[in-house]
Amino acid sequence: MNSRTAVDSEGSWFEPEHLTELRRRLPIPYLDIVPVRTDVDGSVEEIGLLLRASGAGRIVRAIVSGRVLVHESIREAIARHIDKDLGPMAMPRIPVSPVPFTVAEYFPTPGVSPFHDPRQHAISMAYVVPIDGETAPQEDALELTWFGIDELLAQSSPLEDMEGGRDLLVRRALAHVGAV
């Protein structure tokens, strides 16, 4: 019998087969992070979108996202995912007490909500996080591109290349920061 748990080894998660089983049975807590560049007054000028391969083998635009680990604060999880996707020199401005601008509920069944994740039912807290440092895509991120607000709201927008409703999250982030 394996008595190892996520709490037993710092920073780890569950074995892949155990995680697959949990995803079928429980909603999983996630974070969605919209990285932004601001001007000196704090107004959002650009949104950073990643380019990565989707589970279906397509190349898609994405935002920073991922699970919250056991014994990890939300603030720590935000910092970890930004570091993982944008690099160690990103220098995010994470508030002491982060409050999400919205909550997205991803369902494995399409059409239940605007958000879809075929792997699981996930509940994701979404944050807008200003990035002050140098960014370089890491791990499975192929590229990071900073888009101006007008470019994202144009007729043919990079938001069309997003999956699972994440384009809606970016639009909600833009509305939240008063960019639209």
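**Exercise 1. Find out whether Val180 is buried or exposed, and what Val180 touches.**

Step 1: Val180 has a relative accessible area of 56%, so Val180 is exposed. The cut-offs are under 20% for buried, over 50% for exposed and partly exposed in between, with a 1.4 Å probe and protein chains only.

Step 2: Helices (H or I, at least four residues) and strands (E, at least two) are DSSP runs, numbered from the N terminus.

Step 3: Leaving out residues up to four places away in sequence, Val180 touches Leu153, Leu174 and Ala175; contact means heavy atoms within 4.5 Å.

A word on the model: it's predicted, so local features need pLDDT of at least 70 and side-chain atom pairs count only at pLDDT 80 or more, while totals for chains, interfaces and linings use all residues. Residues are numbered from 1 along each chain as its sequence is written, and side-chain values use heavy atoms, with hydrogens and water left out.

**Exercise 2. Work out which residues of α1 are buried and which are exposed.**

Step 1: Go through α1, residues 16–25: Leu19, Leu22 and Arg23 are buried there.

Step 2: These three sit on the same side of α1, because they cover an arc of only 100° around the axis (taken from the directions from the helix axis to the C-beta atoms).

Step 3: As for packing partners, the buried residues of α1 pack against β1 (28–38) and β4 (64–67).

**Exercise 3. Track down the residues that touch the most other members of the largest nonpolar core.**

Step 1: A nonpolar core is a set of buried Ala, Val, Leu, Ile, Met, Phe, Trp, Tyr and Cys residues joined through side-chain atoms within 4.5 Å.

Step 2: The largest one has 23 residues, and Val34, Ile47, Leu49, Ile63, Leu152, Leu169 and Val170 touch the most other members.

Step 3: Elements giving two or more residues to this core include β2 (44–53) and α4 (166–176).

Step 4: Zoom in on Val170: not counting residues up to four places away in sequence, its contacts are Ile47, Leu49, Ile63, Leu152, Leu159 and Met162.

Step 5: There's also a second, separate core of 18 residues, with Leu50 and Ala62 among them.

**Exercise 4. Describe how β2 and β3 are joined.**

Step 1: β2 and β3 (residues 59–62) run antiparallel, joined by 4 bridges; strands pair if DSSP finds at least two bridges between them.

Step 2: Leu50 stands opposite Ala62 in β3.

Step 3: The hairpin has 5 residues between the strands, and Gly57 takes a positive phi near 85°.
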